[in-house]
Amino acid sequence: MNSSPYPDFSDTEITPQMQQAAKRSTWVSVVVNTILSALQIAVGFFAQSQALIADGIHSLSDLLSDFVVLIAGRYSVKEADEGHPYGHRRYENAASLVLGVLLLSVAVGMIFRAVEKFAEPNAIAQVHSIALWVALLTLLMKEALFRYMLAAAKRVRSGMLAANAWHARSDAASSLVVAIGIVGNLMGYPLLDPLAALVVGMMVGRMGIRFGWLAFQDLMDASADEETLARIRSVIERQQGVLGYHDLRTRKLGDMVNVDVHIEVDSMLSVVEGHEIAMRVAEQLKKLNEVIGMMVHIDPRARD
């Protein structure tokens, strides 16, 4: 049973319809985050709310993330060429690493600014009430974006879209923190506004560290996760004529996986028969959405 909040669509074939839905939902996210970031930052300066400015920067980071997805998606699908025999999938990893460093830098600035406010609590301004209305509007729009993207994910059975939808839901949590901080400031507790900004800064920093670390691991030829490895092992073990296997190795290429494996076949089989078994293994591995390439080596094995 799947305990994750993300629907399990791992056995679903990626279709042009899914790709179009992913692109459309990403552009919807671009429009929403553009409006929100501009509104939050502008009103944040006017209302003297550091928390709202921080959340606006958070929305701006989401906008940058959306563009990274669009740009990397465009170039990472280019066919392999002489200079890049394994394709261009690592555009995604490189873009994610750059984004992670950028988010971490922004987060450090946000946290530093919030800590400065704690050092001078008497200098914290009274927040204008319009900041609360903008924070609540942001919360509603991000929740609506979550529901839209999740509905699209379920309609086309896309796990990638489902993950993006839950990312939007996590962004709504930061807007809720900001709203609470602004309410506290309006009620006479001025420190709650920079405290909310500090929390948002830490959330952005956590996102930057996660993006950067995962991208770094993938660029260092990190192996596929255990769930993906289990599916690969299951495919190999199910194939008729495979007596065993060893030296199973995987490495990430963007969101995809390259597989190398040695399969053991009856030593009395002809070369053609052994090759047919290897081709059957390769064809079944190709049906896994995560697998983009594989090398299946044949080793003879004497029957007991």
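1. A word on provenance. This is a predicted model, in which local features need pLDDT of at least 70 and side-chain atom pairs count only at pLDDT 80 or more, while totals for chains, interfaces and linings use all residues. Residues are numbered from 1 along each chain as its sequence is written, and side-chain values use heavy atoms, with hydrogens and water left out.

2. On the overall layout, the protein chain has eight helices and three strands; both are DSSP runs numbered from the N terminus (helices H or I, at least four residues; strands E, at least two). Along the sequence the order is α-α-α-α-α-α-α-β-β-α-β. Of its 304 residues, 41% count as buried. Taking a contact as heavy atoms within 4.5 Å, 72% of the contacts between residues at least 6 apart in sequence join residues at least 24 apart. The chain exposes about 16,700 Å², with carbon and sulfur atoms supplying 62% of it; that area comes from the Shrake-Rupley method with a 1.4 Å probe.

3. Helix α7 deserves a look. It runs over residues 226–238, 13 residues in all, and spans 18 Å from first C-alpha to last, close to the 18 Å expected at 1.5 Å a residue (the expected span is 1.5 Å times one less than the number of residues). Its buried residues are T228, L229, I232, V235 and I236. Viewed down the axis of α7, these fall within an arc of 125°, so they line one face of the helix; the arc is taken over directions from the helix axis to the C-beta atoms. The cover over them includes β1 (244–253), β2 (256–266), α8 (271–286) and β3 (291–301). On the face turned away sit the exposed residues E226, E227, E237 and R238.

4. Also check the start of α7, where a side-chain oxygen of D225 comes to within 3.1 Å of the backbone nitrogen of E227.

5. Where does S175 sit? It belongs to helix α5 (residues 159–186). S175 counts as buried, at 0% relative accessibility. Setting aside neighbours within four places in sequence, S175 touches D55, A135, T138, L139 and K142.

6. Now the salt bridges, meaning a side-chain nitrogen of Lys or Arg within 4 Å of a carboxyl oxygen of Asp or Glu. The count comes to five. One of them pairs E226 with R233, the closest N and O atoms being 4.0 Å apart. E226 is exposed at 56% relative accessibility, while R233 is partly exposed at 31%.

7. Another salt bridge joins D260 and R249, again with 4.0 Å between the closest N and O atoms. D260 lies in strand β2 and R249 in strand β1, so the pair ties together parts 11 residues apart in sequence. D260 is partly exposed, at 24% relative accessible area, and R249 is exposed, at 55%.

8. Last, R301 and E264 form a salt bridge with the closest N and O atoms 3.0 Å apart. Since R301 is in strand β3 and E264 in strand β2, this pair ties together parts 37 residues apart in sequence.

Methods: Buried < 20%, exposed > 50% of the residue type's maximum accessible area, 1.4 Å probe, protein only. Polar contact = N/O pair within 3.5 Å; in protein donor to acceptor, adjacent residues only side chain to side chain.
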